[in-house]
Amino acid sequence: MKRIQIVVMLILVVSLVFWSCGGGDKQAAETGDSSSDNFTRDMTTPAEEGGYGFEKLADALGYVTYEMPPEEQIYFGDPRAKKGGTFRHITSRFPATMRTEGQNANYIENNTISGLCYEGLINTHPLTLEFIPALASHWKISDDKKKFWFRINPDARWSDGREVIAEDVVATWDLHMDETILAPSDQLTYGKFERPVIEGKYIVSVVSKDLSWRNILYFGGSMVILPSYYLNQVDGSEYLKEYQFKMLPGTGPYEIKEEDIINQESFTLTRRLDYWAKNDLMAKYSNNFDKIKFIVVKDNLPLMFEKFKKGEADFFTVAQARVWVEETDFDAVTNGWIQKKKVYSEKPAGTSGYAFNMRKWPFDDKRVRMAVTYLYNREKMNEEMYYREYSMMNSLYSGSIYENPNNEKVTYNPEKAVKLLQEAGYTKRNEDGWLVHEDGRVLSFELAIQKGSDYMVTPVQQMLKEYGVDMQIKYEDGNSSWKNLMDRNFTIYMQSWGGLVFPNPETSLKSSLADEKNTNNISGFKNARVDELCEEYDVTFSQARRVEIIREIDGIYSDIHPAAWGIARNYQRILYWDKFGYPEYMVNRFTGDYRSAFTLWWFEPAKEAALKAAMANNTQLPISEVDVMYWPEYLKQVNSN
Amino acid sequence: MAEQQQISLSILKKRWLKFKTLKRGYYSFILLVILYGLSWFLPLLINNRALVVSYEGELSFPIVSGYHAGTEFGQDVPGEAIYRELKQSWKQGGSDNWLIMPLYPYSPYEDITVQGNKMYDPPSRTHWLGTDNTGRDVFSRLCYAFNISISFALVLTTLNYILGVLIGGSMGYLGGKFDLFFQRIIEIWSSLPMLFVIIIISSIIRPSFFLLIFIYTIVNWIGMTYLMRAEFYREKSKDYVAAALSMGQTNFKVMFKHILPNALVPIITYFPFSIIGGISALVGLDYLGFGMPPPTPSWGQLLEVGLQNISKAWMVFAPVGALFVTLLMVMFIAEAVREAFDPKVYSRLR
Amino acid sequence: MTTYFIRRILLMVPTFLGSTILIFIILQMAPGGPLERTIQQLQAGAMQQGEAVGSVGDIMSGGSSVLPESAMRELKRFYGFDKPVYQRYLIWLGIWPREIKHREVEFNPGETELNKNIGRGQYMTLRLEGESVVVLDEKGEVSKIWKAAIDKEGSKENQILTTLFQTEFSGILTGNLGTSYTYDQPVTEVMAPRFKVSIFFGLTGMLLTYLVCIPLGIRKALNHGSAFDFLSSVTIFIAYSIPGWALGGVLLVLLGGGSYWDIFPLGGFRSPTDIWETMTFLEQVKDQLWHAILPIIAWSIGSFAGLTVLMKNSLLENISQDYIRTAFAKGLQEKRVVWVHAIRNSVIPIASGIGGIIGVVIAGSYLIEKVFNIDGFGKMGFQAILDRDYPITLGFLVIVVVIRLVANILSDIALATVDPRIRFR
């Protein structure tokens, strides 16, 4: 199934930057305009416990204070932004729950809700990925880098008006550690920490059990804080039931009202007028839509597209090259009513291609793996089937700074393939034309795919067939396929993984996982040097060194070659009705997908009026440039300095 | 005994003669039989392998002998000879070598991998029905799929009939506890979720033609059983059965020598419908992705690709048209068969 | 006769049990059950299949990516896989106690008594007594509600793991079909609205089919062999050879307003709830019909052929029967002979087929519901199979089984009433 499922914590980075605008600092109090000050302030808590006045002590206590440089304002929201309007988005699944944690809550919809309705303690900068404030206005890291302190902004409020306090953090951690919420990976992630300690009303500290640069991200960034007042009234299983389709009060800029949850049909997020950080410059110009409506159309891409064309949705992401090239020249587009954009960003392209099972014949032999790679003519497929829309992938971290530039750029090379196969002992062909090994084994294996991907693999089958390699294809349903993969009961597997802003090679490359079932080391990758590097990676706090490490791993991986890489895409293809304003860069630098529109775009009444007039009179609107190259150019500029 | 057989023979003959007079059905029948017969020789008619190659005085028959490396014919390709190109280059070069291609020289499998094939080629003189999303020839795929569809339906129906007549017939004829017991078994059996059976089996082995038939028969035989049970049940109470029994015939003989010929009418009239059911079933399975493994040509797969590309009309019309023509012919046959087998004359009586 | 039907109804019981056991076993055999599915969700993150990765998700889990044992135990317990198959079946039936409200309690070496918070400020005392665990309530009496057992698999060398739980008898016999894994709602709640949708389409479609097919079949029979007969045959077979869902998809594109003509709404059972609720009753009726037209066309287009042919043949057969000859011979008018005598008898086979059709109607049509984005019974059932949502799958199959059993009896009754020659003993 093409379901996009997500491990919540992993999205840490995605969600981090996604909220990138949740930050709050003392500016809120200083912006004067007291419309936000309709809540009472707790002036009794001493500054030492995190109360007002703490900012003066922060430096002396070793806390980090972040101030946004004014020139970076644009990346936190465009000052031209206006509030108002509705953004209608079609999604392919109605979430099984509106919870952000626990069973069935690790789908992309829940992640989106989590990002818009709740906040973590800290956040990452949309441009530089350094830490910026969210619920915590200041934070401190111990010298051994294992203990973190966070000072919660005393201005922060839950949507029910209660203050956000240190106890909320502890209660949230407790919830994640409760096994009865049926989300085992939570216990894995948050089990890396001791129970957080309340150091003062607004100060909380936590100790991580192991040293890793990622820990502060897990705890401070990916864990959205939930209100202890409500959490303390339920245990894990009660939480699952009680908040199934009911929102816990949040601190984020949006909320979902109960009447806006229409089961299996739609759900709508409403902007909160009393959002505590609404005057903070880091949040002021983002989250502009009054409502964000998610309309559900299940597993029916053509209908989604029709609905968008009819105007029942505002925004559409085009996944297939064919649709983009052949089917986006309808009237509304040529008239400029619908704008067409190809937005480039540094969003990790992920990995796709054919993973070999190196544990068994025939792919235990590198020569055979390489031969298949040389025979996989992806350039031709790109040329003949994908309208030259894609680039070739030659790295686990294609298109990012982590890519090792020295990786072999594999291109179609049948001569080399034939030679390698001969060296490997496949010298003759039988009467059906298949290669036969000297020991009599026919070079034949099976590839299981799911419905709908056959057009991507049958040409490869033909390419291999030409040179005597017999790849049989069969359909399997998603679950069987996964089960066989995890039981290592496969020979070759067509995979696509999404990419991470901060790579985590350990889970898929560690030798100790190679012979264990149910792990993500699919190919059975074993390499002592990579193990060493993985260990070093975790405790390396310098980003520059981390890049070096990952590049070295990438190089080793490319050399051992457990996978034949496929094609990559470093941009988003989007269509939208021309009634929105957006920052020049359109989407976030590292997480640039459709979800950037929720936070960064705004509704432009003048444009809507023009659109309506144009549609009524059947006239043209200006058509803007399709390619949005802001981020590639930005990168060029950075590199040239 | 012999006399009786003669009578039933002559009845069959009479019915055949009657059938022949019903032109629509008769011609459909002839046409379908011919087409299906021809479809077994498709590799000779529609293929990209040459029938005969004469290279430097030596004859070879790739269509029979299978794989020939291109180098055998002096062609500089790493794999199998590309006969279409070979033919062209020999013609242009005025070479003494020659080869004969099948009538329609495109295989149902060759896609964009082969130089010159483009995806979504509209119908033309070279590709009669255009090409599909990976550049495969639609006409070629359609024809091969015809053979598979009809074979599937025929084998499936035959198996269903055998099971249906054996089990259903016994149930109807023997009745009593046997009937009661088997009815329960059938009721329970019919609750078998077929999709699950397919999922389970295909996660272990790659579905093949016969495997699919096997799976489909598992759930499909029940319909025929009910029909036969009712038929035998009814016939059993007729006098001739009692007469046969009183003459000391065994149950087995009574069932198959006496009742079965009398139950032939529903069996035969039901046959074309069962064929249609089989064809449609395969289309549905292929469409859902539980059918034959790719790249097997199939109407369901063609239809699916067509529906994803509605703007490319030939890919919708080709499978729908093929389906329509086949079903219509089967239907005409069905009408004629029914009429031929029915002793009554359907004229307006007044 | 009555005894026959009573017996039939009694015989439904073993059939029902047999069917459910069969289904239960098949479900256990399917590769990749709900447990694996959950693990996949947690562990794999996004596994997408696409031409180039859209990279929405990622694959990385904290550290070792081998899930903690205790969490796995909790999952197994949730899905019931900590018990043997026969127990699961009996629990599902509702004649074996179902364990609810689990708590894990771990006894450290030497400990024999522990207090456990069971929520809402209440505590239970667990006392180890050899191989068994006794639960005492706050008054020190043996609790009637809470039970406890030793978890042998989870226990380590000297640490004894026990589980504290309540039990209840709830299963299909008590009307509890369980909770769906994918919708996270009680199965009955998931099914009810979809059932209504499917009934609506099924019945309307059936009605339409009968309204078209019976008159058409009659006309064709009366004009057997004419040009009309031939042309209408061709027409209904064209319709028959176009799969309904395919036609539906094409019609939506052509008439849905997205690309060509804006005549019908783009799918859905009715207008979105927020609009629907503001409508007057008349508008609602109109809206409902407006949404239903295309799906119904797609739904019924394939069924015209079979029924029309059946009606035609049946009438043809009756017209040549002796009683019709007799009627003509007696000098009755043709109209009267045909309409009163022949047609009445010709409808019999069609009427007796209704039982079977009901089953088909209820099962819905996955493909059509998918094409039109309608949440019907068929789509629910199909998706549940792919998602390994066992409670839904079981519920769906059980309902289909029950309906078929009832329909079989109904067919028999219909046959017996209509045709006096048939006797059931």
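Predicted model: local features only at pLDDT ≥ 70, side-chain atom pairs only at ≥ 80, totals over all residues.
The interface between the two chains involves 33 residues of chain A, which are in contact with 41 residues of chain B. The size of an interface is often given as the accessible area lost when the parts come together. By that criterion, chain A and chain B bury about 2900 Å² between them, and carbon and sulfur atoms account for 52% of this area. On the side of chain A, A:Glu384, A:Lys451 and A:Tyr475 supply 21% of the area buried against chain B, more than any other three residues. Three salt bridges are counted between chain A and chain B. A salt bridge is formed by B:Lys312 with A:Glu326, for which the closest N and O atoms lie 2.7 Å apart.

Within chain B, helix α6 (residues 138-174) and helix α7 (residues 176-189) have axes that come within 7 Å and cross at roughly 140°. Because angles over 145 degrees are required for a roughly antiparallel arrangement, α6(B) and α7(B) are oblique to each other. The crossing of α6(B) and α7(B) is left-handed. Helix α6(B) contributes B:Ile167, B:Ser170, B:Met171 and B:Leu174 to the contact, whereas α7(B) contributes B:Gly176, B:Phe178, B:Asp179, B:Phe182, B:Gln183 and B:Ile186. Classified by residue type, the contact of α6(B) with α7(B) comprises six nonpolar, three polar and one charged residues.

Terms used
Residues numbered from 1 in each chain as written. Chains lettered and ligands numbered in written order. Heavy atoms only, no water. Axes fitted to C-alpha atoms, helices over the stretch in contact; angles between N-to-C directions. Helix = DSSP H or I, 4+ residues; strand = E, 2+ residues; numbered from the N terminus. Parallel < 35°, antiparallel > 145°, perpendicular 65-115°, else oblique. Left-handed = near helix turned anticlockwise from the far one by under 90°. Contact = heavy atoms within 4.5 Å. Nonpolar A, V, L, I, M, F, W, Y, C, P; charged D, E, K, R; others polar. Buried area = accessible area lost by both parts, 1.4 Å probe. Salt bridge = Lys/Arg side-chain N within 4 Å of Asp/Glu carboxyl O.
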